[in-house]
Amino acid sequence: MLSILVKVHKVYMIFAIPYEPVKYINLPILNLPTGGHTSISGVQLYRVVYLTTLFIYRLYRMVQSHRSQTMHLRLLLGFIFSSTIVCQSKITTAFTDAATGISFQRFFGAKTNFGFGVALPQNTTSNSFIGQLTFPLKNSAGWGGWSLTGDMEGPLLMAAWSDGKNVVSSFRQAKNEDDNPPEVTGTFTVRPIAQGTSVNSSFLTYTFLCEGCLDAAFGLSAAATASTVEMGWALANTAVGNPGTSAGVLGFHNSGFGGFDAQLNLAKSAEFDSWAAMAGTPLLPSAGAVPISANAGDGDDGDDDEEDSDDDNAGGDDSDDDD
């Protein structure tokens, strides 16, 4: 409390005291080039001391008698401030992958080191894109994923993780944010790009061609890629159950989740076809995968307003440190 009063006193002294050159008391404030002084009068000095002391005393009494109200105010201001930070715009920026030469529009969270990039063909009728997931692992444990919308419930999702040696991935569709989302099948397939895929005990990079993934029934149409759209991300550092199969059990995304603005209109490139040619054979889903439910999203991504994330930056520079 004393430190707060001292700070208030300093602010008051700086902004509330009128300076006036007089000759009553020779109290140096500013030495002029000519050797003269700027002084304040004894009367003025008395008023300053009196009013400042009175102000501090009244402030102290107010805080003492309304301590609980003061605490509530601090909490309220803290909530407003933190909410402002959480809701700051997260937007993709240009990023070129050194391993493949692919140019992405990428979201990157500097606190979690989660990244997701998108590359698209110039043709807006194409329903495919190239994606790249990058995120840290904790002793090979953890998973990361993306969503075609800012809502994790309803649209087409993809999750990726490590089985201890290789990257495993599968398409998912969530009914809520708590339960393991089931693996789904449909007219879409994923084809890994080996040159841009690697994994060790602490980090995973997964580059892939997502064929047939852009469809309004799955949350994002090919035509919508002509603009900026909201997409989603999620990250967990807990082990995936049965990680050797694409039907692995995913725990809650305890490391963070939320939405970001993907500038898909800037993700288009004439080199897309040559990049897509690096993709391998399509991966098959597990025997227990179920057909995707079309148009399952309700279009309301309000749940993500409660995103559990401090990642309020985006971009292609891994050294960019938000906060």
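Modeller: Asn295 is placed in the segment that follows strand S15 (290-291); strands here are DSSP runs of E with at least two residues, and helices are runs of H or I with at least four, numbered from the N terminus. This is a predicted model, in which local features need pLDDT of at least 70 and side-chain atom pairs count only at pLDDT 80 or more, while totals for chains, interfaces and linings use all residues. Residues are numbered from 1 along each chain as its sequence is written, and side-chain values use heavy atoms, without hydrogens and water.

Asn295 has a phi near 55°, a positive value in a non-glycine residue. Most residues other than glycine have a negative phi. Because its relative accessible area is 56%, Asn295 is exposed (exposed means over 50%, buried under 20%, partly exposed in between, with a 1.4 Å probe and protein chains only).

Asn139 also has a positive phi near 55°. Asn139 sits in the loop joining strand S4 (129-136) to strand S5 (143-147), and its 71% relative accessibility is why it counts as exposed.

Thr205, in strand S11 (203-211), has 15% relative accessibility and therefore counts as buried. Beyond its neighbours within four places in sequence, Thr205 contacts residues including Gln132, Thr134 and Val167, contact meaning heavy atoms within 4.5 Å.
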